Amino acid sequence: AQQQERVGFAVIGLGVIADHFMRGVKQSQRCKITALVSGHRDKAERIAAEYGVPKDSIYSYEDFDRIRDNKTVQAVYVALPNSMHAEYTIRAAKAGKHVFCEKPMALSSAECQQMIDACKTANVKLMIAYRMQYEPLTLKCIEMVRSGKIGDVVAFEGQFGFNIQPGVWRTKKALAGGGSVYDVGIYALQAARMFTGEEPVEIKAVASTVHKNDPRFAEMEESVEWSMRFPSGVVASCASTYGGQMEGFMRVHGVSGTLEMGPTYGYDGVTMRGRAKGEHWEESNPEKDPKQFEREADHFAECVQTGRTPKTPGEEGLRDLTYIEKIYESAGVKL
Ligand code: NDP
């Protein structure tokens, strides 16, 4: 595509994930970065110079709504703390911009619905950044399971977690919404849904904290374990934590074999192993970061250009928030 035909993105919030995304867009043939929104002007000017963004296309959070008049911006990428996703999605929609929003979509299912409604009213696309739904080895594994390579699926296991730094926004409930399920447990939840192709009908959860006087866990639990039952009868056992190194992992148990992915959910190095009926599989995706970000940005850009609905629209984010609320409710954690 010619430079002028690319979909122009305004990146809102210049943190860790925004950096991956911008590097992914740099590799893309369909997208470009045309504006930045930040609370730190110096940082924004430095990044603007790197990506060829004009200084008058740098916005603060306060003057963000002026982006309506910026014809070089067709879409925004919301890379802010979770509590700000709803506000900036709705403001972007009102400014007539398509919205590509990071996961978790918002703090609650009610907020998700407001975002969906705002984008519908403004007639703009809304896509949630579920990287793994665009990751080729993950998609291949889903296809293997769904096509019966390990026989009928009986059970699923999934987990993800890390040992969180003190003081970061993820440990503040007002900004994060809740604990690790919002941030990383959502990957196991997504994987269980993607691999079964079903929606959970029953959820039971337990929340717990090992490091009881640790200020990191003053506002939220350290770990959550939860079980889900799907309509077919498949059971899923999932976990997430902010207290220990819990490498991204999932395993599907079928009548005649097992398929597992680990490490998975990372920006690269996604690996699978499996065996069934005398067959053995082992494969890693050799692509390097930021390829996943290029892929999801390209998918969204294609949707903007063709009018197609994204594979992971707002409704997909809403579903996960509905389940996250059920997980915490079952665990007796007030959100
Ligand atoms: P960071 O803390 O690295 O970046 C967030 C940015 O938001 C900051 O750099 C800042 O940008 C801006 N911001 C505005 N207000 C605040 C505030 N009160 N506190 C902190 N930052 C603020 O977070 P991440 O990039 O890791 O996460 C951002 C979002 O992306 C989250 O929703 C997270 O769940 C999601 N995420 C998704 C991943 C994925 O793989 N899909 C992986 C990691 C995160 P500025 O200084 O420019 O104003």
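Predicted model: local features only at pLDDT ≥ 70, side-chain atom pairs only at ≥ 80, totals over all residues.
Tyr265 isn't a glycine, yet its phi is positive, about 70°. Is Tyr265 buried or exposed? With 24 other C-beta atoms within 10 Å, Tyr265 is buried, since the cut-off for that is 20 or more.

Compare Asn123, another non-glycine residue with a positive phi, here near 60°. You'll find Asn123 in the loop between helix H4 (109-122) and strand E6 (126-128). Asn123 has 9 other C-beta atoms within 10 Å, so it counts as exposed.

There's a cis bond between Asp289 and Pro290 as well, with omega about 10°. Pro290 belongs to the loop between strand E14 (279-284) and helix H8 (291-306).

Now for the strands. E7 (residues 153-161) pairs with E11 (residues 246-254) in the antiparallel sense, over 7 bridges, and Gly158 stands opposite Met250 in E11. E7 also pairs with E10 (residues 235-241), this time in the parallel sense and over 7 bridges; there, Gln159 has Ala239 as its bridge partner.

Finally, the ligand. It has 21 residues around it, and the closest are Gly13, Leu14, Gly15, Ser38 and Gly39. By class, that shell splits into 10 nonpolar, 6 polar and 5 charged residues. Helix H1 (residues 16-27) is the top contributor, giving 3 residues. Where does the ligand lie relative to the domains? Domain 1 (3-131 + 291-311) and domain 2 (136-284) both supply shell residues, so the ligand lies between them.

Key:
Residues numbered from 1 in each chain as written. Pairing = 2+ DSSP bridges. Helix = DSSP H or I, 4+ residues; strand = E, 2+ residues; numbered from the N terminus. Near = placed C-beta within 6 Å. Nonpolar A, V, L, I, M, F, W, Y, C, P; charged D, E, K, R; others polar. Domains from an automatic or database assignment. Buried ≥ 20, exposed ≤ 12 C-beta atoms within 10 Å, placed from the backbone.
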